[in-house]
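This report describes one protein chain for a reader who meets it here for the first time. The sequence and the structure are shown below.

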Amino acid sequence: MLNEIPLEAFAAIVGQNVRVSGSEHYIDVEVAQAQPLANPSPRAQPPFFVIVRHNGATRAISQGIYQLDHPTLGAMDLFFVPIGPDGQGMCYEITFN
């Protein structure tokens with residue numbers, strides 16, 4: 001369940017690569033950042049965001065739901081939002097709230 005994934009699970013894999021799959025293609029991205037949201041709600045699981053980077057990419061994939069695969073976290077369908085390049089590649093934000 002996505003609502004049971006803690007920030008710490010993604011913080012532990014910052015710097016690692018994960019595979020992101022769409023209906024017709026895949027890309028390998030680096031987990032660049034995992035941070036709590038600035039104004040967390042009083043829920044049991046605090047909201048957070050993850051930034052992933054497609055190193056070397058200059059074009060973004062479309063905003064939408066893609067499958068993220070990691071050996072420890074497993075496969076999960078997540079909503080990716082392109083936020084632009086950061087000098088190393090194209091970045092995407094995933095929000096858990």
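## Basis and overall fold

Helices (H or I, at least four residues) and strands (E, at least two) are DSSP runs, numbered from the N terminus. Read along the sequence, the chain follows the pattern α-β-β-β-β-β-β, which comes to 1 helix and 6 strands.

The model is predicted: local features need pLDDT of at least 70, side-chain atom pairs count only at pLDDT 80 or more, and totals for chains, interfaces and linings use all residues. Residues are numbered from 1 along each chain as its sequence is written, and side-chain values use heavy atoms, with hydrogens and water left out.

## Dimensions and burial

The radius of gyration is taken over C-alpha atoms, and the globule rule is 2.2 Å times the number of residues to the power 0.38. For 97 residues a compact globule would have a value near 13 Å, and the chain agrees because its own value is 13 Å. Along the principal axes, the C-alpha atoms fill a box of roughly 40 × 25 × 25 Å.

Of the 97 residues, 38% count as buried; buried means under 20% relative accessible area, exposed over 50%, and partly exposed in between (1.4 Å probe, protein chains only).

Two strands pair if DSSP finds at least two bridges between them. Strand 4 and strand 5 (residues 74-85) run antiparallel and are joined by 7 bridges; in one of these, Gln-67 has Asp-77 of strand 5 as its bridge partner. A hairpin with 3 residues links strand 4 to strand 5.

Strand 5 also pairs with strand 6 (residues 89-96), in the antiparallel sense over 4 bridges. Here Pro-85 stands opposite Met-90 in strand 6. These two strands form a hairpin with 3 residues between them, and Gly-87 in the turn has a positive phi of about 95°.

## Two buried residues

His-70 lies in strand 4 (residues 64-70) and is buried, with a relative accessible area of 6%. The side chain of His-70 makes a polar contact with the side chain of Gln-16 at 2.8 Å; such a contact is a pair of N or O atoms within 3.5 Å, where within protein one must be able to donate a hydrogen and the other to accept it, and residues adjacent in sequence count only if both atoms are side-chain atoms.

Ile-51, in strand 3 (residues 48-55), counts as buried at 7% relative accessibility. Leaving aside neighbours within four places in sequence, Ile-51 is in contact (heavy atoms within 4.5 Å) with residues including Glu-30, Ile-83 and Tyr-92.
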